[in-house]
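Have a look at the model first.

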Number of protein chains: 6
Amino acid sequence: MNIFLRKKYEEFLFEDQFFGDISTLLDDFNEIFTGYILVKEDCVIAGISHVMDIFKMVDRNFKVLELNFRDGDFVSGGKILLKFEGIGGLILKCERLILNILQRMSGIATNTKKYVEKLEGTGIKLLDTRKTTPGFRYFEKEAVRIGGGYNHRMGLYDAAMIKDNHFRILGKDIKKIEKIRRNIPVTSKIEMECHSMEDVYKSLEIDVDIIMLDNFSPEEVLKAIKIVNGRREIEVSGGITLGNIEKYSLEGVNYISTSKVISEAKWIDISLEID
Amino acid sequence: MNIFLRKKYEEFLFEDQFFGDISTLLDDFNEIFTGYILVKEDCVIAGISHVMDIFKMVDRNFKVLELNFRDGDFVSGGKILLKFEGIGGLILKCERLILNILQRMSGIATNTKKYVEKLEGTGIKLLDTRKTTPGFRYFEKEAVRIGGGYNHRMGLYDAAMIKDNHFRILGKDIKKIEKIRRNIPVTSKIEMECHSMEDVYKSLEIDVDIIMLDNFSPEEVLKAIKIVNGRREIEVSGGITLGNIEKYSLEGVNYISTSKVISEAKWIDISLEID
Amino acid sequence: MNIFLRKKYEEFLFEDQFFGDISTLLDDFNEIFTGYILVKEDCVIAGISHVMDIFKMVDRNFKVLELNFRDGDFVSGGKILLKFEGIGGLILKCERLILNILQRMSGIATNTKKYVEKLEGTGIKLLDTRKTTPGFRYFEKEAVRIGGGYNHRMGLYDAAMIKDNHFRILGKDIKKIEKIRRNIPVTSKIEMECHSMEDVYKSLEIDVDIIMLDNFSPEEVLKAIKIVNGRREIEVSGGITLGNIEKYSLEGVNYISTSKVISEAKWIDISLEID
Amino acid sequence: MNIFLRKKYEEFLFEDQFFGDISTLLDDFNEIFTGYILVKEDCVIAGISHVMDIFKMVDRNFKVLELNFRDGDFVSGGKILLKFEGIGGLILKCERLILNILQRMSGIATNTKKYVEKLEGTGIKLLDTRKTTPGFRYFEKEAVRIGGGYNHRMGLYDAAMIKDNHFRILGKDIKKIEKIRRNIPVTSKIEMECHSMEDVYKSLEIDVDIIMLDNFSPEEVLKAIKIVNGRREIEVSGGITLGNIEKYSLEGVNYISTSKVISEAKWIDISLEID
Amino acid sequence: MNIFLRKKYEEFLFEDQFFGDISTLLDDFNEIFTGYILVKEDCVIAGISHVMDIFKMVDRNFKVLELNFRDGDFVSGGKILLKFEGIGGLILKCERLILNILQRMSGIATNTKKYVEKLEGTGIKLLDTRKTTPGFRYFEKEAVRIGGGYNHRMGLYDAAMIKDNHFRILGKDIKKIEKIRRNIPVTSKIEMECHSMEDVYKSLEIDVDIIMLDNFSPEEVLKAIKIVNGRREIEVSGGITLGNIEKYSLEGVNYISTSKVISEAKWIDISLEID
Amino acid sequence: MNIFLRKKYEEFLFEDQFFGDISTLLDDFNEIFTGYILVKEDCVIAGISHVMDIFKMVDRNFKVLELNFRDGDFVSGGKILLKFEGIGGLILKCERLILNILQRMSGIATNTKKYVEKLEGTGIKLLDTRKTTPGFRYFEKEAVRIGGGYNHRMGLYDAAMIKDNHFRILGKDIKKIEKIRRNIPVTSKIEMECHSMEDVYKSLEIDVDIIMLDNFSPEEVLKAIKIVNGRREIEVSGGITLGNIEKYSLEGVNYISTSKVISEAKWIDISLEID
């Protein structure tokens, strides 16, 4: 288990338990019990690896008796995901946390899948954004990948983006963008947000890797593709919905991004039952 | 600012920036700029205190020029929440985080308000649950309060609950529940989850403070109220929706709880603009 | 082992060792040795679970050869608590810490027991306070429970108390206390400190769960009990000693609290010997 | 404020508050109030610098109005230590912590002073030990210094000690002790615990800086002093009490150590009052 | 100051001080003094921003009286970098740390500059590697930038590299490399290490952004450039020295990387003097 | 494994991986592979224990197949240090870190050995200083010990030093140095830096354990030795090189210290190969 994830799991457990679980201090809770996790509605399941890691971290006696699915599988409502055995009190200490992870991540993966299916065969990659729940981004972005999407940058540290607000600060001097390149690792890309066809033209004068067409109509996107003519990667963003995404699936578009895959995902109904 | 919140803010900023924001390393970003936060749709606003604290923590030059609302206020779409000035690069480092907090918390407060309004005048308190996004619970539960709801226990440490799975572990010996009382602070309550009228009767034989009627019909709730006859606080839970909550607003019910105030909240559209 | 306790153990070991134990860097200390823990004076033993967890955390080769008592047992001076084997240098790294925990916790449990025995048969619960050694509260409060007492609130987060200083800040407007209820989880209680019979009367006008009679004489307590007449839980506090506690053991009193169970506990003489 | 102390203060505040103080969420607690700290019984006061640092850390509005004593001063019961002003709710959040620190540290300083006075004029230094409350050692050892004592080593990292248990592990080969010297910084001393006159002789054959005469009678100490004849520093330890310490105050003794200055200290009665 | 840097500074101070600086506990050290930092040999100075941040973090009274250079400036031996005033004891607590940072970073910047000068006019970027001192990478890589170089990836998280050992694990199935692309953010690049001309040909069959020619002779590099013909970025690595770097400065090469800019840098002689 | 080291390893791994290693997310990397560590040039090997601990911490399947050397052994170029087996992806996650530790520590041990050999037979101890890479001091100082040197104080907390800058703050009142003794543990030494023969005379008037002769010529050292005449330990420091160290190896000198053993060490060429 990597350090980052272990710290996250500990932080999540700590949030729920602080100094302990005062409901399970009786000896009865130190016995081994069996139980199962039940998926109560159709979904693309996501988060299983975290469930395993958390149970094992908290309860050294935890044993998988039956594991029927892998992250990314479609699970129909009513199926059992996992049968297990473990110390009663320790399983209960994890119950709410592992359900919260599974329910939220599966909701995102399921939602992402719907968008990704609309892009099938186009070669266009469906991307997420940085609009994520504070502290839970890694899990939300992983769920997007599990649902078939790709991740946009993970944070402010692994790629540069020049957005509206950056331009207001930098003034009109677009050449300054190239100075940004000076400070970032050569293995990271720079992306420029375009709000007009004029911005698209400008992007060709400077050294950026990706341009984002923000809130362009499909027609405008088409026009921009022609202008760029393969010299930049193109990301379409802003106002993308399940209803209009296909209109943006144009040849020449590399990426379509939307925060909705995460922010509009519902929580899948999943429960844990001790036998 | 308390230690808990400061640590949370730092963790959220760290998640987004790790070693730094590679887009804003130019000198231009060290200048002071003005800007504003725009609320783009109707909502009960929540999270303002965190926005203030985060900006001040990151940017010692941060100044509020105009603050038009307080947590819990209704804000109509198009209104400016806040005008400020601060160091350009530092404001941009916080932008996504403070929007994620505001959008998510305001969504929860707005959603909670709808439920709370249905209970107006009944004296019944609308409660949340522990079904929250891992790592972000404090903020989600605060948003419920801001929206007019009350918090159920914060975690496993501040109250005891005996639920379905606990009963399976404890067997039929209901007297063991009283032993749990032995280990919890006298200032915390014990709650027992009831799944049948039989459970309700049992709850009267032992020393518990609250009973939760889980997935009872309104008629069953009514019957349980009569049985209990004021000897226990009563919480109604399970399957509560905006559509049916009024049917459960019965005299004798103390609390109605639902995870939906949090899990089904949408993200409110809010943006930050540098002038 | 829960996250909270593991962090505490690590912090305690770190305090004693920082970068290492410079006395035990020779190869000789890497061998396995046997040893035992000797209780040198009569006591109610407390802290054994922590000793086990710390040894196991530091030394994977640690084995219990003989464990003769459980937390809460009376141990007469001269008895062996535990025989074990483990890596010499690792056992010595833990020695002082586990003794400090055992000596301090057993002292508190033993002292608590004396107070609890005075209340035997009365149904009154002996409570601790928040007057604890900074950083070591969890262990001190656990020792109180092991000695037969109950815990008052664990901290400022799990129950509300309105004390002298709060009243000075709130002015005479006692109704404000009910507003405090608005912000606390419904599963936590509110307690009001009373310094006069007038305060007792006031407490009945507002929604509080427990009233504390602070520095009342037994006669005054009796009078307050009559006034309250079962409508509030009653805690007696202030100036309680082994000498006068029985005078306060009056029917109608729910709790008697004293910081002395912790602050006046002596350290029990216990040693660890390598064979 | 150094990093170590800041972390300790934060940990102590966190222990008491976790996510917050639920009693002081009303606006009334955001006002500025004045108050004072009252010392209710005679003592050597200790811990004032920590009180100042904690108040300032938590409340930027904190102001000292009057500070009447310094750490180490004798304070007679009834005197006001400090008059201050600060935000009501923030002062109350610190109240219990700063009192716990002051009461405990002043108790230790006062107790230490009694031992130190018995040694006045002898040049012998009164030392503490590592028998301290886990997590609070720094403060307890500082209180010993404030009371006029000296610190023995702070932990396992800043000096080497070869005690009973070490000898059992090392066998009879006393030469191994010199190998320990190989691994410790040249700026740290090595101390050897002697349980017999034979051990004292042995200590002269090897390179150690201090010998500790453990549980020696005053007569035996005298004999050991003659044998050593100034070639080693001498520490007397084991069974030292206020009653017998003067019998051990022999010329040639450098240090007398006792855990009692810490473990048998009482808590001084001190209170904080909001005006 | 960002969270990452603040944590680093705290960790560095903690390493040196742990619980405190025992040499400066006298009141004399609480006075304000002036002093200066003297650069004793020619160098490209680096690390000044960290020095400022550390002094300000530790000593709120710290004031810059005169600052004569900026990071990246050439400083000739004997020049004063900084005149300042601050609390004596606090300045001394930082002295060794800020000198260690300045001496090490300036050494790296100075060394990097020599390599960069050899590439002047070629447009080829000089890169560092991940061969850095554990825990100090950020500072070492920043020093490379200050000296005129560029950073290769910061760690395993911000770009993918397929090296010798990866190929041994993946077997001969080069198509698997494209699967790696599936899991990385679209804003990060993939680089493939080539050890033969055959590897170069293979790299053209799959979707990688950069190829690294590892331990190629200048002639082989030339040949590879022709094969690649602009379809991939090219990095030359392995065995690069100040003596041979110009032979590798061939048109078509994008990057030349060497760990030597960091690992063979000397420490620049710099001192801090209190007036 | 002690807490300090585990935290350091985690911090080092975190620096390199943050949220993960994006190059090794394929299933292929979850298989077990064998490999070896190859020492490519003559050296005194150092850091092996850390390599073992890190591999075991990250990969529970890690097994040593062959370990041919111990820390401090001379290893000739071309020898295999270690053959192992482990999970491919986990080994690769540690590869760069364990090489960075081995290469750097072996470089220091090898360099130290050269100085130590010049002192062979003299009884003089070769010391390091606090001029170390921030965050990596423990490892650098351990490497000095492995190379045959001794450690000077580990930091500001375990011994007191009165240097040039301290004297400037304390003024001419040398008696104040003795007050410093008041605050340090009796198990730690005080060292005084002397810059003239006058300083040496002064050092005899006060209670210090070690005097450091800073930048004295061999003749001056000789003179100082006579003056001191065994009443203080003597450390020679400043301008020591491999070329002149023997001139300072004079009878009466206890320690010779130089930062060069660490700052001028080269990185030893070592690689890890998966079979």
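B:Glu10 is buried, with a relative accessible area of 10%; buried means under 20% relative accessible area, with a 1.4 Å probe and protein chains only. This is a predicted model, in which local features need pLDDT of at least 70 and side-chain atom pairs count only at pLDDT 80 or more, while totals for chains, interfaces and linings use all residues. Residues are numbered from 1 along each chain, chains are lettered from A in the order in which they are written, and side-chain values use heavy atoms, without hydrogens and water.

What does B:Glu10 form with E:Arg6? The two form a salt bridge, meaning that a side-chain nitrogen of Lys or Arg is within 4 Å of a carboxyl oxygen of Asp or Glu. This pair crosses between chains, from helix H1 of chain B to helix H1 of chain E; helices are DSSP runs (H or I) of at least four residues, and strands are runs (E) of at least two. E:Arg6 is buried too, at 18% relative accessibility.

| Pair | N to O distance |
|---|---|
| B:Glu10 and E:Arg6 | 2.3 Å |
| B:Arg181 and B:Asp209 | 3.1 Å |
| D:Asp28 and C:Lys176 | 2.5 Å |

B:Arg181 lies in helix H6 of chain B and B:Asp209 in the loop between helix H7 and strand S9, so this pair ties together parts that are 28 residues apart in sequence. B:Arg181 counts as buried at 10% relative accessibility.

Over all chains, the structure holds 111 salt bridges.

Definitions and conventions:
Buried means under 20% relative accessible area, exposed over 50%, partly exposed in between (1.4 Å probe, protein chains only).
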